[in-house]
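Please look over the structure shown here before reading the briefing that follows it.

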Amino acid sequence: MTDTALREPTFLILTALAARPQHGYGILLDVEEISGGRVKLRAGTLYTALDRLSADGWVAVDREQVVDGRLRRYYRLTDEGAARLETEVQRLRAHTRAAERRLRLRPAGGVA
């Protein structure tokens, strides 16, 4: 497992899957909601990312079902994916704490 920063779409996809398995469209909606509407993934981008995350062992197919004659595939976060997401959360927290400390040291008016 690596401690390098996750790209934002990867972080958001893993976060979307943290609570429960979801199908692609549900992931797209969740990513948009989690990001406050700032990140809107396209289907092609999502499925490319899911293939990569699956190859990395971070997500897996949970189940498939046919709805209106179309296959709907549900994805879930694996234990390895959850551990990687937790590592990223801890990394971001450490950076946030450092930034908060530095901002408190900043002189009034922003001039040193």
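Is Glu88 buried or exposed? Glu88 is buried, with a relative accessible area of 2%, where buried means under 20%, exposed over 50% and partly exposed in between (1.4 Å probe, protein chains only). This is a predicted model, in which local features need pLDDT of at least 70 and side-chain atom pairs count only at pLDDT 80 or more, while totals for chains, interfaces and linings use all residues. Residues are numbered from 1 along each chain as its sequence is written, and side-chain values use heavy atoms, with hydrogens and water left out.

**Overall fold**
- The protein has 4 helices and 3 strands, taken as DSSP runs (helices H or I, at least four residues; strands E, at least two) numbered from the N terminus.
- Along the sequence these elements follow the pattern α-β-α-α-β-β-α.
- The C-alpha trace spans about 65 × 30 × 20 Å along its principal axes.

**Salt bridges**
- The structure contains 7 salt bridges, each a side-chain nitrogen of Lys or Arg within 4 Å of a carboxyl oxygen of Asp or Glu.
- Glu88 pairs with Arg91 in a salt bridge (2.6 Å, N to O), and both residues lie in helix α4, 3 residues apart, about one turn of the helix; Arg91 is partly exposed at 23% relative accessible area.
- Arg76 and Asp62 form a salt bridge (3.9 Å, N to O), a pair that links distant parts of the chain, with Arg76 in strand β3 (residues 70–77) and Asp62 in strand β2 (residues 59–67), 14 residues apart.
- Asp62, Arg63 and Arg76 are linked in a network of salt bridges.
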